[in-house]
Amino acid sequence: MQSRNLNMDSDLKPMPDVDTDPAATPDHVTEPKISVKDLCVWYGDKQALHDVNLDVEENEVTALIGPSGCGKSTFLRCINRMNDLVPGVRISGSITLDDQDIYAPKVDVVELRSHIGMVFQKPNPFPKSIYDNIAYAPKILGLAQKRVEMDELVENSLKRAGLWGEVKDRLSSPGLSLSGGQQQRLCIARAIAGSPSVVLMDEPCSALDPVATATIEELIDELKENYTIVIVTHNLQQAARVAGYTAFFHLGKIVEYNDTDTLFTNPAMKKTEDYITGRYG
Amino acid sequence: MDKVGLEKHTSKQFDIELEDIREQVLNMGGLVEQQIADAVRALTEGDGALGEEVARADYKVNRMEVDVDEHITRILARRHPQAGDLRLVMAITKTITDLERIGDEAEKVGRMAANLASKEKPSSVFRQIETLGRHVRQMVRDALDAFARMDPSAAVHVAQADREVDREFEGVMRQCITYMMEDPRTIRQHIDLVWAVKALERIGDHATNIGEYIVYFVEGKDVRHISIEDMERELREGSSVDRG
């Protein structure tokens with residue numbers, strides 16, 4: 001059974017060893033797009049996140065790094081309430097998007113997810129045409145009334161995802177006929193077609209070759225003009241290349257959150273240093 | 001080495017590569033130190049052959065710089081060093097540049113020693129040059145010891161010694177000027193002497209730079225182009241790094 005407790009005043013007590021080191025928060029994040037306070041997540045008896053506090057700055061790329069099982073994907077999934085679907089999950093603390101509590105009882109999850117797009121590890125286009133993959137969400141959300149408006153929306157989304165030039169002559173071909181890198185860009189185009197302000201990416205390049213990865217990274221850099229991006233990656237170089245801020249997770253806690261330059265050249269915490277220099281474990 | 005260790009990477013091969021490169025730097029430092037000692041001895045004892053030998057041997061220092069550079073390029077390409085590893089690699093690339101330049105300065109002193117060997121020399125200046133030479137050599141040795149131990153506090157001592165060396169340099173310059181005014185026929189040889197003394201003074205500057213790179217590696221703080229007092233303050237405040 002799924003049970004959630006979304007109130008700050010819940011009887012779920014914060015862990016006593018919450019990381020309160022001032023070095024764990026970059027001091028120049030102002031007016032965060034997403035603000036996470038004292039987030040705890042349990043899967044059954046197992047606590048996956050311990051009092052996580054993190055502010056995500058608008059129109060920036062924030063990378064989440066850490067060893068497998070450290071809670072970074074759990075954290076990412078909490079931002080668009082995907083963990084709601086996991087049986088036995090309990091969540092406490094708060095997450096606000098533009099100062100609105102996304103776990104408030106009145107929040108419509110479908111509406112919420114239209115503001116927060118998501119891209120997964122493996123490209124997962126619908127078994128539909130390229131056009132329909134992009135048009136699917138706008139159709140449901142009623143973003144385009146006329147065919148010409150929808151055409152325009154599809155074109156813009158594909159352009160923003162850097163895929164238009166490659167697929168404009170075969171929009172009716174199946175999305176699955178594209179290469180892996182193209183499929184992932186199609187998924188990004190699909191994620192942004194619903195006009196979200198935040199795009200979550202869960203290891204978006206781990207199934208791609210270096211060239212397709214470079215294309216996606218270039219795209220991420222362009223997308224941050226219009227979107228706030230949170231990306232989970234196991235590739236430390238990728239975090240260093242694309243992110244303005246990086247958070248290092250370990251055993252369900254944030255060890256260090258800082259601007260990427262500092263975190264990769266002079267991390268404040270030894271655990272971070274050990275992880276990024278390959279001394280971990 | 002307690003603060004920022006070079007050990008215990010998951011990849012043992014990476015540990016070996018970093019240890020190798022550190023050893024190469026220390027070997028290069030040892031050679032450079034010997035070059036300074038020989039160059040100063042050649043100058044003060046009027047041993048022209050030794051001076052020429054020092055000038056000829058500079059190619060060994062240059063070759064070591066190229067070897068370490070190649071090694072570092074390979075590490076950057078293959079290992080993508082981060083954090084402390086990255087700072088170490090940066091510190092090493094800069095250190096070997098300074099060591100190579102120290103080698104060049106020793107070469108200059110060697111050449112001047114060869115030029116001056118057959119000429120008459122005022123003994124009081126040479127005593128001062130001997131002292132200056134001993135001091136800059138000690139500075140290089142201290143900087144290399146600090147590098148071997150990764151001891152940032154030693155960097156301050158090297159910087160302080162550089163102040164002393166600068167004062168000694170001024171003293172030798174004053175004496176040379178006095179001799180030149182007294183007997184203009186010695187201007188030629190005194191100009192050679194001034195070149196040599198200036199080269200020794202520059203060695204002190206390079207040793208100071210090496211100390212600063214060690215601070216950068218260990219503490220992650222850039223202390224170049226600041227006063228010794230500020231450097232001391234930075235070190236007192238210590239690293240912001242929680243080394244656990």
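**Entry 1: chain A overall.** I noted before anything else that the model is predicted, and I read every value below with that in mind. For chain A I looked up the secondary structure and found 10 helices and 10 strands. Of its 281 residues, 47% count as buried. I then looked at contacts in chain A between residues at least 6 apart in sequence, and 71% of these join residues at least 24 apart.

**Entry 2: the largest nonpolar core.** I asked which residues of the largest nonpolar core touch the most other members. The core has 79 residues, and the answer is a group made up of A:Leu64, A:Ala189, A:Val199, A:Leu200, A:Ile229, A:Val230 and A:Ile231. Helix α6 of chain A, residues 180-193, gives this core its largest share, which is 7 residues. There is also a second, separate core of 62 residues, and B:Ala113, B:Val156, B:Ala207 and B:Met231 are included in it. As background I wrote down that nonpolar side chains in soluble globular proteins tend to be buried together.

**Entry 3: helix α6 of chain A.** Is α6(A) mostly covered or mostly uncovered? I found it mostly covered, with 13 of its 14 residues buried. From its first C-alpha to its last α6(A) reaches 20 Å, close to the 20 Å expected at 1.5 Å a residue. After the helix comes A:Ser195, and I noted that its phi is positive, near 55°.

**Entry 4: two helices of chain B.** I turned to helix α5 of chain B, residues 153-182, and helix α6 of chain B, residues 187-219, which pack at an angle of about 170° with their axes 9 Å apart. I therefore recorded α5(B) as roughly antiparallel to α6(B). Sorted by class, the contact between them has 18 nonpolar, 4 polar and 5 charged residues.

**Entry 5: B:Val172.** This residue is placed in helix α5 of chain B, and I counted B:Val172 as buried because it has 23 C-beta neighbours inside 10 Å. Leaving aside neighbours within four places in sequence, I found B:Val172 in contact with B:Val125, B:Gln128, B:Ile129, B:Leu132 and B:Val197. B:Val125 lies 47 residues from B:Val172 along the chain, yet their C-alpha atoms are separated by 6.4 Å.

Notes. Residues numbered from 1 in each chain as written. Chains lettered and ligands numbered in written order. Predicted model: local features only at pLDDT ≥ 70, side-chain atom pairs only at ≥ 80, totals over all residues. Axes fitted to C-alpha atoms, helices over the stretch in contact; angles between N-to-C directions. Helix = DSSP H or I, 4+ residues; strand = E, 2+ residues; numbered from the N terminus. Parallel < 35°, antiparallel > 145°, perpendicular 65-115°, else oblique. Nonpolar A, V, L, I, M, F, W, Y, C, P; charged D, E, K, R; others polar. Core = buried A, V, L, I, M, F, W, Y, C linked by C-beta atoms within 7 Å. Buried ≥ 20, exposed ≤ 12 C-beta atoms within 10 Å, placed from the backbone. Contact = placed C-beta atoms within 7 Å. Expected span 1.5 Å × (residues − 1).
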